[in-house]
Amino acid sequence: MFRPNMFFLLLLPPIIFESGYSLHKGNFFQNIGSITLFSVFGTAISAFIVGGGIYFLGQADVIYKLNMTDSFAFGSLISAVDPVATIAIFNALNVDPVLNMLVFGESILNDAVSIVLTNTAEGLTRENMSDVSGWQTFLQALGYFLKMFFGSAALGTLTGLISALVYVLKHIDLRKTPSLEFGMMIIFAYLPYGLAEGISLSGIMAILFSGIVMSHYTHHNLSPVTQILMQQTLRTVAFMCETCVFAFLGLSIFSFPHKFEMSFVIWCIVLVLFGRAVNIFPLSYLLNFFRDHKITPKMMFIMWFSGLRGAIPYALSLHLGLEPIEKRQLIGTTTIIIVLFTILLLGGGTMPLIRLIDIEDSKARKRNKKDINLSKTEKMGNTIESEHLSELTEEEYEAQYIKRQDLKGFMWFDAKYLNPFFTRRLTQEDLHHGRIQMKTLTNKWYEEVRQGPSGSEDDEQELL
């Protein structure tokens, strides 16, 4: 049996941390307001619509009857989106980068918000709420959510900033010992999760914000070798963890008892799609009053269509301690069906839809007309992203960021004050040492390949 504690302690933290650590591109911070609105308020809207719809339909004896807290718990867990197939298609077709980042960024923060909402509903279930009015229940749930969200986010941010300060101190130069440097990064990566869980906050939210902060500041204080090693290790481990969850999801279809009710499944799918629409369309129109780069109706429709469900909802459904057992089986079975429905139907229809509504970049359309490869593992070895490798000297940083006139708000404050304080600018000696270190390791790897058991002349020529 796949125990939920194993998922939340071992498999989920690497997935969430890698997601936050990969959000290093500038357009994430340029769209942070829109992404936060979609992921926090949009997820809450979707959870209330799905949960409220299930509760009232149950009271009307249309579907299986659930109480208010159980309905809200299910609405919260099923609101976690995982558009991995959509993101792969976006990258293959080179759609608008703002659309790409809105969908990707929302899905990252959305997972943590959904988990906090589900934990909020579980907390209300464990307490005796029989003598409490509906308004008091709502206020109690809101206070619990705000405490979990902002407390966990503050803890994760603080941990990330402390890690940046440790690496920026000149008398603690860990870059000369990459193994120690890498080990410290792994400790700082998991530290906020343990701290948050130890003081009854959300470890997932803490480790997400820690990953974002460490990506933005700490990463650029590392040696080039450790920068590459962090990217490769995190992506590989996160990919393995997510594969384990999806493999178990597939096995569980035929391995565990299920409770299937057609009316409950159909109405849940309708409510999930409707909740996603109420999340995306009104908030997009609201944001367009404040955005320079408008969210077009075509982009809104793609964002609605990309609301795939994945590993997080299924793991959360296992974590719910619902009684009687048939209620737990119903929630688990319905979650599996919704996950498969969204992945197969919505995920499979994304590429034809993008072609149909003509949202793909015209140059990319000509380039990708003949060959589109959506393999997630094809480029696993090619995890070195040049824009995430810090090789800017003090003069280059000032020319590239400080003197730019288009930076506004947090981006300007970050470039002017935060980034210089929490990151170390490289000297020419640092650059020279880093290149020598990279060349030495590359030559060592190549020699090991040549001396391997299959190192024939033909293999060597093919490698070259």
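The following conversation goes through selected features of a predicted model.

User: Before we start, what kind of model is this, and how are its residues numbered?

Analyst: This is a predicted model, in which local features need pLDDT of at least 70 and side-chain atom pairs count only at pLDDT 80 or more, while totals for chains, interfaces and linings use all residues. Residues are numbered from 1 along each chain as its sequence is written, and side-chain values use heavy atoms, with hydrogens and water left out.

User: Let us begin with helices. At what angle do H3 and H11 cross?

Analyst: Helix H3 (residues 32-59) and helix H11 (residues 262-287) cross at roughly 145 degrees, and their axes come within 8 Å. Helices here are DSSP runs (H or I, at least four residues), numbered from the N terminus. Axes are lines fitted to C-alpha atoms, for helices over the stretch in contact, and angles run from 0 to 180 degrees between N-to-C directions.

User: Is that crossing left-handed or right-handed?

Analyst: H3 passes H11 in a right-handed crossing.

User: Which kinds of residue make up the contact of H3 with H11?

Analyst: The contact of H3 with H11 has 17 nonpolar, 8 polar and 1 charged residues. In this scheme Ala, Val, Leu, Ile, Met, Phe, Trp, Tyr, Cys and Pro count as nonpolar, Asp, Glu, Lys and Arg as charged, and the others, Gly among them, as polar.

User: Now salt bridges. How many are there?

Analyst: The count comes to 5 salt bridges, each being a side-chain nitrogen of Lys or Arg within 4 Å of a carboxyl oxygen of Asp or Glu.

User: Which residue does arginine 276 meet?

Analyst: The side chain of arginine 276 meets that of glutamate 106 in a salt bridge with an N to O distance of 2.8 Å. Arginine 276 belongs to helix H11 and glutamate 106 to helix H6 (residues 97-126), so the pair ties together parts that are 170 residues apart in sequence.

User: Are those two buried or exposed?

Analyst: Arginine 276 is buried, at 4% relative accessibility, and glutamate 106 is buried too, at 1%. Buried means under 20% relative accessible area, exposed over 50%, and partly exposed in between (1.4 Å probe, protein chains only).

User: What about aspartate 61; where is it?

Analyst: Aspartate 61 sits in the loop between H3 and helix H4 (68-77). Its relative accessibility is 60%, which counts as exposed. Aspartate 61 has a positive phi of about 60 degrees although it is not a glycine. The side chain of aspartate 61 also forms a salt bridge with lysine 65, at 3.8 Å from N to O. Lysine 65 is partly exposed at 45%.

User: Where is serine 200, and what is its phi?

Analyst: Serine 200 lies in the loop between helix H8 (178-198) and helix H9 (203-216). Its phi is near 65 degrees, a positive value in a residue other than glycine. Serine 200 is exposed, at 52% relative accessibility.

User: Back to H4. How many of its residues are buried?

Analyst: H4 is mostly covered, with 9 of its 10 residues buried. Among them are Asp70, Phe72 and Phe74.

User: Which residues make the nonpolar surface patch?

Analyst: Phe48, Trp135, Phe138, Leu139, Leu142, Leu146 and Phe150 make a nonpolar patch of about 720 Å². Patches are made of residues with over 30% relative accessible area and no salt bridge; like charges are joined within 9 Å and nonpolar side chains (Val, Leu, Ile, Met, Phe, Trp, Tyr) within 5 Å. Accessible areas come from the Shrake-Rupley method with a 1.4 Å probe, and for residues only the protein chains shown count as cover. Helix H7 (residues 134-168) gives the largest share of the patch, 6 residues. Phenylalanine 138 is in H7 and is partly exposed at 36%.

User: Finally, how far is leucine 330 from lysine 259?

Analyst: Their C-alpha atoms are separated by 4.7 Å, although leucine 330 and lysine 259 are 71 residues apart along the chain. Leucine 330 lies in helix H14 (residues 325-357) and is buried at 0% relative accessibility. Lysine 259 also meets glutamate 261 in a salt bridge of 3.5 Å, N to O.

Key. Helix = DSSP H or I, 4+ residues; strand = E, 2+ residues; numbered from the N terminus. Left-handed = near helix turned anticlockwise from the far one by under 90°.
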